[in-house]
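Here is a friendly walk through a two-chain model. Please have a look at the sequence and structure before reading on.

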Amino acid sequence: MDPASSAIQEPFDLIRLSLSERVFVKLRGDRELTGVLHAYDGHMNLILSDVEETIMIVEQPDGAPEGQNTVNVAKRKMEMLFVRGDGVILVSPPSRT
Amino acid sequence: MATPSPPAAPAPADPSPPPAATLGSPTDFLKGVVGKRVVVRLTSGIDYHGVLSCLDGYMNIALEQTEEHVGGTLTNRYGDAFIRGNNVLYISAAEPL
């Protein structure tokens with residue numbers, strides 16, 4: 001049996017194995033987080049520390065054709081963050097080796 | 001106290017049975033695609049291509065070797081990815097079952 005896949009029986013195992021690790025979180029509203037995962041629950045509420053949030057702000061200038069949007073990226077840092085689970089789209093742990 | 005009479009016409013004979021590959025419930029399909037390459041489309045239109053490691057009753061998904069595609073172009077790669085089930089539109093088998 002492949003040892004890498006045998007560690008995971010359900011999707012939450014992926015999150016459990018990422019505790020105390022730096023994870024990437026994709027959120028609704030074109031936001032992304034990276035931070036150290038301290039806790040989670042069945043809603044995917046998350047506690048992260050040492051967090052950097054990246055906010056993609058897409059602006060379509062008046063009259064500009066589709067595909068000529070300008071994307072501004074804003075970043076900010078937070079020491080400790082509670083993330084409500086319903087905003088979470090994707091969580092990616094550091095690569096298992 | 002008359003009991004309703006049975007329908008006059010007999011139930012029409014079943015149409016020709018579907019091919020064997022299409023038999024089974026949605027759950028059977030999901031069991032069959034675990035470990036296979038799949039495409040997961042989210043309601044936002046983002047596609048995730050990868051190997052389905054597992055999923056649960058909420059349709060939370062753990063993917064391996066994940067590629068994120070937006071509008072047909074590759075935008076990100078993740079070794080592993082947890083996708084929160086509420087965002088899932090469909091799971092498509094990307095290789096023969």
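The notes below cover confidence, chain B and the interface.

This is a predicted model, in which local features need pLDDT of at least 70 and side-chain atom pairs count only at pLDDT 80 or more, while totals for chains, interfaces and linings use all residues. Residues are numbered from 1 along each chain as written, chains are lettered from A in the order in which they are written, and side-chain values use heavy atoms, without hydrogens and water.

Chain A averages a pLDDT (the predictor's confidence in each residue, from 0 to 100) of 89, with 90% of the residues at 70 or above. Residues 1-5 of chain A fall below 50, and this stretch has three contacts beyond near neighbours in sequence; contact means heavy atoms within 4.5 Å.

Chain B runs α-β-β-β-β-β along its sequence. Helices (H or I, at least four residues) and strands (E, at least two) are DSSP runs, numbered from the N terminus. An unreviewed UniProt entry lists "domain: Sm" for residues 25-97 of chain B; UniProt annotations may be inferred rather than shown by experiment. That span is 11% helix and 58% strand, and its end C-alpha atoms lie 15 Å apart.

Now to the interface, where 22 residues of chain A touch 19 residues of chain B by the contact criterion.

| Interface item | Value |
|---|---|
| Area buried between chain A and chain B | about 1700 Å² |
| Carbon and sulfur share of that area | 58% |
| Share of chain A's buried area from P11(A), I89(A) and L90(A) | 32% |

Buried area is the accessible area (1.4 Å probe) that two parts lose on being put together, summed over both. The chains share one salt bridge, a side-chain nitrogen of Lys or Arg within 4 Å of a carboxyl oxygen of Asp or Glu. K26(A) pairs with E68(B) in a salt bridge, with the closest N and O atoms 3.8 Å apart.
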